[in-house]
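Please look through the structure shown here, and then follow the questions below.

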Amino acid sequence: MHGKNRYAMTTKGLAIARVLLFYGLSTLFFIAATALTTKVASNLKDQLSMVLAILVTFLLIVLFSRMENMSLKAVGVIPGKASLSRFFGGYLIGLAMAFGQASIVMGFGHFQLKPVVHLSIIPILSSFLLFLLAALREELVFRSYALTRLKVSLGPTACMSIITVIFILEHVATGMPLVTAIVGSGMGALLFCYAALRTKGLALPLGLHGAWNFGQWMLGFKGRPGIWQAMTDHAFAAQVQTIGLAAFVLVIAVSIIGIHYFYKSKMQKTMVSTDEAA
C-alpha cells in the first residue's frame, strides 16, 4: 500500500515538474521573442512577437506531448468539426461579458463611456489581432498540454487550481495589482480552464479569452482609450472599481454555469442519438 502511494505521489510530482518546465520554457521563449522584435520598425511588432512565441510554444507542445505519449488531439490543439462554431460562440459570449460588466457598472452611476472621435479602422484591426494572438499564446501555454497533463495525473479540480495559481502569478509578475490578479485573472482562468475541459479543446476558451480582452480594450479598460473612453468621477473611483470587480465575478459565474448546462445538454443529446442509432 505504501509503495502504491509513493508511486502515485512520484507520478503526480513528475507531472507537476514537467508542466512547470514547459511553462518556464514557454515563458523564456516569449521573453526572447519580445526582445527580438523590440527594434522592428513596425506598428505590428507586438503582433510579430506574439506570432513567434506562438510558433515556439506549439513546438514545445509537440515535444512534451510526444514525451508523454499524448496525441495533439488529446491536448486540444487539433481543430475538430465543432471548433469554428465554438470559437465564434465563445467570442460572442466574451463580448457579451465585457459589455455586460460595463452596463452593470454604469447602472450604479459615476461612470460613463465617451466615444473616441476620429478613430480610424487601423488601430481597431491592430488591437483585434493583438488580443487574439495574445489569447492564443496563453491558451496554448495554459490550456493545452499543461492542463491536460495535470488532469490525467491529478484530476480536474487540482489541474484547474494549479493552472489558475500559475496564471495569477504570471499576471502579478507583469505588474498587475494582487487583488486584481486574484479576482480578475483568477476568475478568468477558471472560466477558460472549465471551457477547455468541458469541450476538450481550445476553440471555446480562445473565443472567450480573445473577445474579453478585445472588449475590454474597446471600452477603454486597458489603460488607454479604445473605441470608447472610460470616464469615472474621481471621488467615486474606489467604489466604481469595487462594483466593476463584483460585476466581473457575476458575468464569469453566469458564463461558467451557462457553459456547464449547455454542453451537458449537448452531450446528453449526443448520447441519445448514439443509442437510437445503435
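The axes of α4 and helix α6 (residues 156-173) cross at roughly 135 degrees and come within 11 Å, where axes are lines fitted to C-alpha atoms over the stretch in contact, with angles from 0 to 180 degrees between N-to-C directions. This is a predicted model, in which local features need pLDDT of at least 70 and side-chain atom pairs pLDDT 80 or more, while totals for chains, interfaces and linings use all residues. Residues are numbered from 1 along each chain as its sequence is written, and side-chain values use heavy atoms, without hydrogens and water.

Q: Is α4 parallel or oblique to α6?
A: Angles under 35 degrees count as roughly parallel, over 145 as roughly antiparallel, 65 to 115 as roughly perpendicular and the rest as oblique. The axes cross at roughly 135 degrees, and therefore α4 is oblique to α6.

Q: Which residues in α6 meet α4?
A: Contact means heavy atoms within 4.5 Å. From α4 come Arg137, Glu138, Phe142 and Arg143, and these meet, in α6, Ile163, Ile166, Phe167, Glu170 and His171.

Q: How far apart are the end C-alpha atoms of helix α7?
A: Helices are DSSP runs (H or I, at least four residues), numbered from the N terminus, and the expected span is 1.5 Å times one less than the number of residues. The 22 residues of α7 (residues 178-199) should therefore span 32 Å, which agrees with the distance between the end C-alpha atoms, 30 Å.

Q: Which residue follows α7?
A: The residue has a positive phi, near 55 degrees. Its name is lysine 200.

Technical notes:
Helices (H or I, at least four residues) and strands (E, at least two) are DSSP runs, numbered from the N terminus.
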